[in-house]
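Hi,

Here is the structure I promised to pass on.

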Amino acid sequence: GSEMCIRDRNDTNRMLATIAKRLSQLLSFSAAAILAAMMFLTALDVCLRYFFNRPLAGAFELVGYMMAILVPFSIAYCYQEKGHIVVDLFMERFRTKTRNIVDIVTISITLVFTLVIAWQNLIHFLDVKESGLTSAVLSIPEYPFILPTAVAFATASLILFVRLLESISETFGT
């Protein structure tokens, strides 16, 4: 009975980890494509401005919108790859179990923040969609560029949740 429950929990954890990894990879590939589009759009704008004195209308606006997607998508991937900055100078003096407990607390706090960011961005998305707010130059609706932040931070939350389960399992052997 107990062994079956632990095996089921491990299978669920592996499934969640796989989903989180695939989502973060999808976001990463999307961020790379957006970065390439930003680069080409900016290069085209500069060339048109320099050679023909005809800048691309709305290029600055589009780059800003793309940046609003690029950054959160990259943050989710950074969480997946554990690419954030860690200062071990102080923590390396503690026992492994103490470090693991600090990790559990840190991951839990970060998880709460990422969930709140995802939730608040979803609320903001709905508010902006209802308001009909558009961009100044191209009259592009703004709400589609808010939802990716909610998606990225929901993905980051899933990644942190999986990491929290792994840390608890490693620390307490469950």
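Below is what I found, going through the model bit by bit.

First, the ground rules: this is a predicted model, so local features need pLDDT of at least 70 and side-chain atom pairs count only at pLDDT 80 or more, while totals for chains, interfaces and linings use all residues. Residues are numbered from 1 along each chain as its sequence is written, and side-chain values use heavy atoms, with hydrogens and water left out.

**Helices.** Helices here are DSSP runs (H or I, at least four residues), numbered from the N terminus. Helix α4 covers residues 147-172, which is 26 residues. From first C-alpha to last it reaches 37 Å, close to the 38 Å expected at 1.5 Å a residue (the expected span is 1.5 Å times one less than the number of residues). Just after α4 comes Gly173, with a positive phi of about 65°.

**Two non-glycines with positive phi.** Asn53, in the loop between α1 (2-52) and α2, has a phi of about 55°. Lys82 also has a positive phi of about 55°, and sits in the loop between α2 and α3. Asn53 is exposed at 63% relative accessible area, and Lys82 is exposed at 53%. For the wording: buried is under 20%, exposed is over 50%, and partly exposed is in between, with a 1.4 Å probe and protein chains only.

Gln80 belongs to helix α2 (residues 59-80) and counts as buried because its relative accessible area is 19%. Leaving aside residues up to four places away in sequence, Gln80 touches Ala20, Lys21, Ser24, Ile159 and Arg163 (contact means heavy atoms within 4.5 Å). Arg93, in the loop between α2 and α3 (96-131), is exposed at 67%. Arg93 and Arg54 are 39 residues apart in sequence, and their C-alphas are 61 Å apart in space.

**A nonpolar patch.** Ile101, Val105, Ile109, Phe113 and Phe172 make a nonpolar surface patch of about 490 Å². Helix α3 gives the most to the patch, with 4 residues. Ile109 is in α3 and is partly exposed, at 47% relative accessibility. Areas are Shrake-Rupley, with a 1.4 Å probe.

**Cysteines.** How many disulfides does the structure hold? The count is 0, taking a disulfide as a pair of cysteine sulfur atoms within 2.5 Å. Cys47 is partly exposed at 38%, and Cys78 is partly exposed at 28%.

Cheers

Terms used:
Patches are made of residues with over 30% relative accessible area and no salt bridge: like charges are joined within 9 Å, nonpolar side chains (Val, Leu, Ile, Met, Phe, Trp, Tyr) within 5 Å. A salt bridge is a side-chain nitrogen of Lys or Arg within 4 Å of a carboxyl oxygen of Asp or Glu.
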